[in-house]
Amino acid sequence: MALRIRRVREISRLLPQICQGNGHKLLRRDIHLLVSHLISLHYICPNINRGFGEGGCHAKRFSTISQTLHESLPKVDLLSFIESTLDEQEGPCHSWLNKFEDSKDFHGRDGVFLVLAGAFLNDILVSGRDSVILFEKVKSLQQRYPSLHVMGFQSTRSISSEAALAHLLQITMREYITFPILLTNKNFSEVVDGTCYIIFKGFSGPPILYEKGVDIGIIDRAIKELNMQHNEKPSLPNSLKATWVKPIEVTKEPYLCSSLRNSLLYFPGCIAVDEDNGRLFLSDINHHRIIMFDGNGKILDCIGSSPGFEDGEFESAKLMRPAASFYHASGDSLYFVDSENHAIRRADMKRKVVETLYPTNNTNKHSISLWNWIMDKLWTKRDVDPKYEEFDSESFLFPWHLMKSLDNDLFIFNRSFEMLWIMDFTSGVIKEVVKGFPKILEICGHMIMEKSSLLKQMPSHWLQQHVDSNCSLEEFPYAGLMSSAATFQDHIVICDSVGQAVLKLNKRSGTISSFQFSNFGILGLPYWLSLSLERVYAVGDVLPRVQIDHTERFSLLPGRVDIKLNIDLPEDTELREPIQEGCIWCQARGTATDVLTADIRGASSEKVGVAQQWYNELDTLASLTPEIKLDTEEESTTSDVKVQEGKLCIDCAVNTSPGTSEVIIYAALYLKLKRYPSSSEKNREKKVARIVDVLNPTRSGSGRKDLSMQLLLTSNTDLDELILMRPLHVRIKIDCRDHPKADNSKDIILTDSSIDVNVALK
């Protein structure tokens with residue numbers, strides 16, 4: 001109290017001189033003293049200069065000095081420090097996480113910034129539920145304002161602590177954090193009170209602080225006010241200078257845990273079962289897909305092709321972090337939560353089509369006409385400028401858990417169990433919204449208890465590891481994991497989101513084992529490899545970086561070129577199963593054209609006219625069509641792929657003409673570590689290091705430590721059974737000379753060539 005009185009007296013001594021117009025006579029020392037007292041007073045007297053908005057808003061604004069003095073005042077220390085770190089990935093007092101070195105996240109430094117401070121370490125957060133609410137607010141604003149610069153800020157004693165970094169990796173993966181996080185070992189008075197939100201315009205304007213319990217609508221209005229002051233509106237993330245190209249659909253993904261996306265599963269979080277047909281539905285959440293498999297682990301189908309929001313057939317529909325689901329037997333449909341799209345969707349198993357149940361929006365209902373299909377592929381629909389309405393406390397945001405009631409209603413919860421939406425099962429209309437866990441408990445507490453009780457049979461050490469990283473409730477400590485477990489035949493199936501696996505607990509014997517997945521050709525190529533047609537854009541940071549494993553150039557005569565790709569598998573690894581055609585993709589560009597795989601074994605060179613060759617190719621296509629149709633009904637084949645010990649051979653062919661061309665070959669190789677008789681659990685750290693090298697080939701030799709190592713070391717996963725997806729990317733450039741002339745000078749000579757390309761994978 002004495003300190004507060006002394007601060008007030010100091011300020012009262014200086015303020016009258018400014019009010020009388022004598023501010024210019026003040027010494028610089030006195031002005032700085034006044035500023036320091038005013039800033040300190042915000043934290044000594046927390047009730048001073050606060051706004052009393054709705055929802056108990058607590059905001060602090062550092063703008064108490066007259067604008068005539070702004071030239072002589074220093075910048076607020078926190079903003080000055082953040083600005084000084086933007087161009088350096090690491091420094092003596094800071095380290096950026098979830099941000100690659102050439103990132104342009106903050107290229108517009110005069111924009112509006114939203115900083116989530118102090119929300120990334122266990123000792124600061126009150127509970128897991130609080131962290132979920134904090135991140136959901138920030139992600140909502142990030143989606144709402146694409147031009148908003150969002151970042152995290154965390155003070156910690158050591159910016160290189162392995163335990164802290166592993167914890168941050170787990171948070172980033174679980175919450176799907178795409179914004180950069182700044183770690184520092186310095187302390188700042190602005191954030192000493194713990195978790196808060198900080199908003200500012202550029203680095204010269206005064207920051208506004210909001211406590212963690214602030215209503216999201218208040219932060220939303222503050223951001224809009226800052227944008228309106230400079231006549232700015234939220235803009236699209238991809239501002240293309242050319243108007244004639246279709247904007248590419250870009251979805252930002254967490255960079256911190258990007259190597260984990262090359263594992264077979266990437267945060268498997270929710271499971272549903274179809275007992276009658278022996279099917280299980282796994283939400284491979286951060287791969288944005290739902291994998292359907294049988295009790296032996298054989299993959300039967302896959303729902304979802306890439307991140308986004310689009311209805312359609314299974315292989316083309318786009319999802320964004322699908323979570324809980326349930327199978328409706330009478331309709332042969334899977335209802336699931338599309339969390340980051342804030343939607344409930346339905347997968348029709350007979351038609352193999354995904355539809356959106358909620359929200360009902362015309363933009364999600366695509367016409368089946370050919371013209372609309374072509375226009376949709378060539379150009380994105382431009383709707384009128386969206387009207388940014390006020391946030392509603394009952395808005396359908398980030399649903400996660402899903403259950404069907406006895407009254408044929410859908411019970412939908414968010415992860416913090418603060419919201420319950422009761423939806424009509426048939427129409428998709430929200431009938432009622434319930435806020436607050438006590439009220440939710442009255443309505444469906446018994447259902448939550450019954451669903452989460454399955455987890456009590458799991459070992460305590462496994463539960464502790466997963467409960468720490470999920471929302472927990474005092475009444476039901478395992479409620480946050482209730483969508484991660486289901487009963488299937490004589491087993492309890494459980495998602496292991498830490499070990500990136502799916503476990504099954506035998507009810508009778510109590511033994512735990514993991515599913516051994518197979519038939520990976522159904523999954524096809526990963527979306528980050530199977531890029532759409534490449535175009536030239538006028539902006540950077542649009543296309544993802546795809547590592548090229550091998551590039552080689554050849555000079556050949558025009559004609560058919562048989563390509564034999566000899567691949568040395570990474571050391572200490574082997575194929576989990578023979579590679580299937582669905583895992584290989586070949587594209588020819590320039591003067592080359594693809595040859596059908598079934599036509600690879602061709603005849604020798606001969607003199608033919610161009611027209612005759614064209615007719616021959618048509619005849620060949622016509623004769624092959626029935627066989628291809630028959631093959632598609634069978635399982636994926638392994639033709640033109642040969643496997644030897646530690647080696648893989650892929651054959652393909654192209655037809656070339658004079659000029660330059662390029663053949664691009666992508667493949668997804670599903671590997672596992674070799675088992676050695678002398679290997680033991682003591683070599684676990686070496687195995688983890690080898691796994692990480694396969695998952696992230698660019699790390700090898702760079703000297704950087706991959707944070708996923710610590711995550712795998714702490715998991716209970718059987719490393720020998722962990723399936724790794726090693727992407728293969730080869731580019732072959734071909735320079736073709738002119739056609740040799742025949743003796744009659746009329747016909748041309750096509751020459752058959754063959755080339756061997758040797759690729760050694762790390």
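User: Let's start with Ser-95: which element is it in, and why is it called buried or exposed?

Analyst: Ser-95 sits in strand β2; strands here are DSSP runs of E with at least two residues, helices are runs of H or I with at least four, and both are numbered from the N terminus. Buried means under 20% relative accessible area, exposed over 50%, partly exposed in between, with a 1.4 Å probe and protein chains only. Ser-95 has 7%, so it counts as buried. One caveat: this is a predicted model, where local features need pLDDT of at least 70 and side-chain atom pairs count only at pLDDT 80 or more, while totals for chains, interfaces and linings use all residues. Residues are numbered from 1 along each chain as its sequence is written, and side-chain values use heavy atoms, with hydrogens and water left out.

User: What is Ser-95 in contact with, leaving aside neighbours within four places in sequence?

Analyst: Contact means heavy atoms within 4.5 Å. Ser-95 touches Gln-89, Glu-90, Ile-159, Ile-181, Leu-182 and Leu-183.

User: Which way do the residues of β2 point?

Analyst: His-94 and Trp-96 point one way, Ser-95 and Leu-97 the other, and all are buried.

User: What makes β23 and β26 edge strands?

Analyst: The open sheet runs β23-β24-β25-β26, with antiparallel pairing. β23 (485-488) and β26 (512-514) each have a single partner strand, so one side of each lacks a neighbour in the sheet. For β23, four bridges join it to β24 (residues 491-496), with Phe-488 partnering His-491.

User: What makes you say α8 is kinked?

Analyst: The bend at a residue is the angle between axes fitted to the seven residues ending there and the seven starting there. In α8 there is a kink of about 80°, centred on Cys-444. The span is worth a look too: the expected value is 1.5 Å times one less than the number of residues. A straight helix of 16 residues would span 22 Å, but α8 (residues 437-452) spans only 16 Å between its end C-alpha atoms. Cys-444 is also among the buried residues of α8.

Conventions. Two strands pair if DSSP finds at least two bridges between them.
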